[in-house]
Amino acid sequence: MDLEDKQIGMLVADQFRDEEVFEPFDYLEEQGATVVLVGIQRGPVSGKLGGKVEAEKAIDEVSPEDFDALILGAGAAGLTAAIALMQTFQHWRGQTAIDTT
C-alpha cells in the first residue's frame, strides 16, 4: 500500500493500549504516511504498559481537512475526547479516507 504524502491523524490519550498506537504508527510511517499524534492537549501521553508519546496537536487545533484518515488510538482517558472528535469530524462518515486499490 502506498501512503506517500498521506496525512494520518491518530488520537492518543493517557492509558492508551501501547500496541494499538505503536504498531499502526510504525506501519503507517513505513508505508510513507505522515502520522500526527493528536491529544486532548499537546504534550506527553503515557500508555498502559509504560510507552510514551508526544501529542503534537490538541483536538481543538485540528480539522478534518488536515488529514486523509483518522485513527482512534485513544485510551481510557480519551473516550470523551474521541467522541467529541468524531462529532467534529462527522461529515467523514461514509467516505473512504484512503483508496487501497
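In this predicted model, Gly50 sits in the loop that joins β3 (43-46) to β4. Although 33 residues separate Gly50 from Arg17 in sequence, the C-alpha atoms of the two are 9.6 Å apart in space.

The protein contains 2 helices and 6 strands, and these follow one another along the sequence as β-α-β-β-β-β-β-α. Among contacts with a separation of 6 or more, 67% are made between residues 24 or more positions apart. Of the 101 residues, 40% count as buried, while the accessible surface of the protein comes to about 6,000 Å², with carbon and sulfur atoms accounting for 48% of that area.

The largest nonpolar core has 15 residues, and within this core Met10, Val12 and Val53 touch the most other members. At least two residues of this core come from each of the elements β1 (7-12), α1 (18-30), β2 (34-39) and β4 (52-55). Another core, made up of 6 residues, lies apart from the largest one, and its members include Leu11, Val36, Ile59 and Phe67. In soluble globular proteins, nonpolar side chains tend to be buried together.

| Core | Number of residues | Residues named |
|---|---|---|
| Largest nonpolar core | 15 residues | Met10, Val12 and Val53, which touch the most other members |

How values were computed
Residues numbered from 1 in each chain as written. Predicted model: local features only at pLDDT ≥ 70, side-chain atom pairs only at ≥ 80, totals over all residues. Heavy atoms only, no water. Core = buried A, V, L, I, M, F, W, Y, C linked by side-chain atoms within 4.5 Å. Buried < 20%, exposed > 50% of the residue type's maximum accessible area, 1.4 Å probe, protein only. Helix = DSSP H or I, 4+ residues; strand = E, 2+ residues; numbered from the N terminus. Contact = heavy atoms within 4.5 Å. Areas by Shrake-Rupley, 256 points an atom, 1.4 Å probe, with all protein chains shown as cover.
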